[in-house]
Amino acid sequence: MRHEVVTSDITVVGGGLAGVCAAVAAARLGRRVALVTNRPVLGGNSSSEVRVWVCGATSHGVHHFAREGGVMGELLVENQYRNPEGNPYYWDLVVLDAVRAEPNITLFLNTDVREVAASGPDDARRIDSVTGWMMGSERLIRFDGPLYLDCTGDGLVGHLAGARYRIGREARSEYGEPWAPEVADDITLGSTLLFYTKDTGEPTRYVPPSFAKDITATPIPEHRIIRAGDNGCAYWWIEWGGELDTVHDNDRIRDELWSVIYGIWDYIKNSGRFDADTMSLEWVGALPGKREYRRFVGGHTLTQHDIMDQVEFDDRVAFGGWSIDLHPPGGMYATEAGSKHLYSTGVYHVPYRSLYSVNCTNMLMAGRDISASHVAFGSTRVMATCGTLGEAAGTAAALCVQRQLSPRELSERHSSDLVQTLLRQDGSIVGLAAHDPADLAAAASVTASSYLRSLALRPNGESRELTSDIAVVVPAGPLLESVSLLLSGDGEVTVEVCVGDRGQNYVPARQLASATATVAGGQPQWVRFVLAGQPVKLPEGLPVIVVLRSVPGVTVHLADNTVPGVLALINQPGKRSPDDQMPLGSQQVLAWRSIPLHRRAPAIRLSPDTNALAPARVLDGYQRPYGSGPHMWCSDPTDDEPWLRLDWPQPTVVRRIDVIFDDDVHEDLINLHHHRTPGRELPTLVRDYVIETAGPDGGWVERHVETGNRRRHRVHDLTEAVTTTAVRLRLTATNGAPSAHVISLRGYA
């Protein structure tokens with residue numbers, strides 16, 4: 001046996017997506033990171049060992065422009081390129097490659113941390129070291145350093161260090177949460193095993209093991225959906241153990257889950273009720289996917305009110321959007337629905353104060369063990385959200401080490417610096433603009449070869465009868481005088497111009513103006529709706545939504561949606577999310593759905609022209625859609641040689657150019673097999689481009705040529721510092737979009 005000591009700036013324990021994103025974020029900021037995990041693969045519950053698909057703020061299409069950015073976004077976009085079929089082993093490689101690409105990360109797989117040395121009084125504990133046993137290698141490794149991140153999910157490191165935590169459900173009276181129980185208890189969400197099936201093409205038999213449960217003697221067949229051809233994602237409800245201790249009873253929970261899986265397969269194969277003669281089990285999980293255990297107490301405890309009220313924390317460092325998703329204590333044996341869901345109207349924010357321990361002075365946490373109530377945890381626990389929390393915690397850790405501060409001191413003195421650092425790294429923050437004093441672009445003027453001024457979606461031959469209200473989110477402004485739509489049929493049609501009630505809420509909340517016109521004659525015709533009175537001045541900070549009220553007998557003609565910021569929604573009151581088991585009630589975000597018109601919208605024209613896609617947008621600091629537009633420059637589709645340039649009033653030294661391209665954050669990407677997104681490259685991403693600087697003779701000097709780009713955030717270090725008066729970005733090809741899209745263009749010395 002070997003005894004070793006590893007010294008790093010930051011030690012991240014836990015190799016799930018929270019730990020991976022934390023390690024990558026800290027390493028990119030120049031810190032030496034030890035990433036320690038007790039599994040042979042990275043990815044945690046998303047890995048090939050467990051195979052839970054990565055959910056996040058999009059909530060599978062409920063929320064709009066909500067896919068995560070930063071490191072988590074990179075993983076999803078890269079997986080789409082490499083692995084659109086959702087092979088779990090390919091996903092493992094995407095995650096592993098992301099870690100191995102960072103020279104500042106040292107990875108320790110199969111290393112089970114089981115000892116923590118900590119010191120100090122109860123209200124000021126400090127981790128001195130953690131020690132792990134590398135299984136199969138007989139290496140006992142002590143990890144030393146000034147800062148530790150607990151990304152273990154179960155919160156083992158913090159527990160051993162004496163960090164304060166909660167297990168179970170708080171009483172309703174503690175935070176006033178309507179979804180909390182009247183009396184506190186130690187009940188948690190249970191654990192799940194998944195399975196894969198395949199069609200062998202020939203009859204196969206199945207002899208159940210002796211421990212397979214007779215599920216006809218349980219409530220399962222009556223209260224859960226069982227189908228022969230479903231994949232493992234459909235069986236997320238095979239959950240149990242919430243009334244036990246999901247850590248100490250882990251093996252008992254696994255055995256019970258196994259008994260039900262093999263019993264369900266016996267029911268499918270041998271009951272005679274299913275067409276499954278040629279079906280076989282391809283894979284059954286052996287490692288329970290845990291949902292909940294310890295939740296640490298931090299500087300702020302996120303609650304149901306924070307999520308539903310979408311509280312705009314000054315120190316917000318990440319966002320979420322998955323529903324508050326709670327499951328019955330009895331899990332798969334419960335007679336009630338397997339889950340209940342409560343949705344905020346749009347994405348919500350998570351503050352930095354929820355990511356550091358209130359009493360362990362050098363520990364941050366990320367993932368499902370952050371400081372949140374049980375109810376709020378029902379949303380923050382999903383893995384894409386955990387990944388964004390990891391990036392925020394890793395970034396904070398890097399700043400703490402650099403400035404020799406504790407996580408709490410960073411919060412008290414420099415939380416705005418943390419937010420701005422995350423924005424510079426393209427982190428997942430909504431509604432805040434970047435203000436980077438080192439960005440040379442702030443002193444430059446920006447121009448472009450063209451920009452998309454006229455918002456006019458042309459018909460594609462498809463149509464839809466107006467049996468439901470249709471809303472179109474449009475990047476309009478600053479004024480709107482009229483709306484024209486391609487309609488046919490007979491009837492009186494009303495159009496309303498509305499806004500959402502927050503910058504990230506794409507649900508009509510307040511009407512600004514309306515107009516009515518008559519459609520007659522049955523043939524397709526452009527119908528102009530002139531808004532009453534003078535042109536409407538549109539608010540900059542709220543989404544603009546044109547609502548077309550339903551008129552049976554009138555048909556709206558559709559267009560392919562290729563304009564950034566345009567989003568079509570159909571009002572389907574009474575409908576539910578595919579994963580939702582609760583009545584719609586007042587959750588209007590569930591009524592206005594984009595899925596039926598995905599990548600399409602009504603053929604529409606706005607007057608006057610819009611400046612929402614002008615080149616100045618690349619300097620406004622916003623890196624995600626928010627308010628009245630997508631905050632990007634979009635070239636005119638007729639522009640065959642688009643370019644974007646920065647000009648300085650005097651010669652400026654430039655050493656690095658950063659570009660953020662459009663990766664269409666409305667597209668709901670998935671890593672595994674819950675659903676498929678067609679294509680490999682995102683069409684909106686610029687594929688080929690050239691970076692040039694102005695030379696002393698007035699010509700352009702080529703500094704970098706890129707082909708085959710498939711990433712959103714690109715950082716280009718020039719071969720040498722250049723003194724110049726201008727930088728030009730020439731966009732020579734996209735991955736399919738008719739225009740070039742650029743969100744941000746920056747320069748650094």
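Trainee: Okay, which helix is Tyr90 found in?

Mentor: Tyr90 is in helix H3. Keep in mind as we go that this is a predicted model.

Trainee: And how accessible is Tyr90?

Mentor: Tyr90 comes out as partly exposed, because its relative accessibility is 42%, between the 20% and 50% cut-offs.

Trainee: Which residues form the nonpolar patch on the surface?

Mentor: That patch is made of Tyr89, Tyr90 and Leu93, and together they have about 330 Å² of accessible area.

Trainee: Switching to Glu102, where does that lie?

Mentor: Glu102 is in the loop between helix H3, residues 88-100, and strand E4, residues 105-108.

Trainee: Is Glu102 buried or exposed?

Mentor: Buried, because its relative accessible area is 13%, and the cut-off for buried is under 20%.

Trainee: What does Glu102 touch, then?

Mentor: Not counting residues up to four places away in sequence, Glu102 touches Val24, Ala27 and Arg28. With Arg28 there's also a polar contact of 3.0 Å between the two side chains.

Trainee: New topic: which strand is Ser191 in?

Mentor: Ser191 belongs to strand E10, which covers residues 191-192.

Trainee: Why does Ser191 count as buried?

Mentor: Because its relative accessibility is 1%, and anything under 20% is called buried.

Trainee: So which residues is Ser191 in contact with?

Mentor: Leaving aside neighbours within four places in sequence, the contacts of Ser191 include Ile238, Glu239, Trp240, Thr246 and Ile253. Pro288, Gly289, Lys290 and Arg291 are also among them.

Technical notes:
Residues are numbered from 1 along each chain as its sequence is written. This is a predicted model: local features need pLDDT of at least 70, side-chain atom pairs count only at pLDDT 80 or more; totals for chains, interfaces and linings use all residues. Side-chain values use heavy atoms; hydrogens and water are left out. Helices (H or I, at least four residues) and strands (E, at least two) are DSSP runs, numbered from the N terminus. Buried means under 20% relative accessible area, exposed over 50%, partly exposed in between (1.4 Å probe, protein chains only). Contact means heavy atoms within 4.5 Å. A polar contact is a pair of N or O atoms within 3.5 Å; within protein, one must be able to donate a hydrogen and the other to accept it, and residues adjacent in sequence count only if both atoms are side-chain atoms. Patches are made of residues with over 30% relative accessible area and no salt bridge: like charges are joined within 9 Å, nonpolar side chains (Val, Leu, Ile, Met, Phe, Trp, Tyr) within 5 Å. Accessible areas come from the Shrake-Rupley method with a 1.4 Å probe; for residues, only the protein chains shown count as cover. A salt bridge is a side-chain nitrogen of Lys or Arg within 4 Å of a carboxyl oxygen of Asp or Glu.
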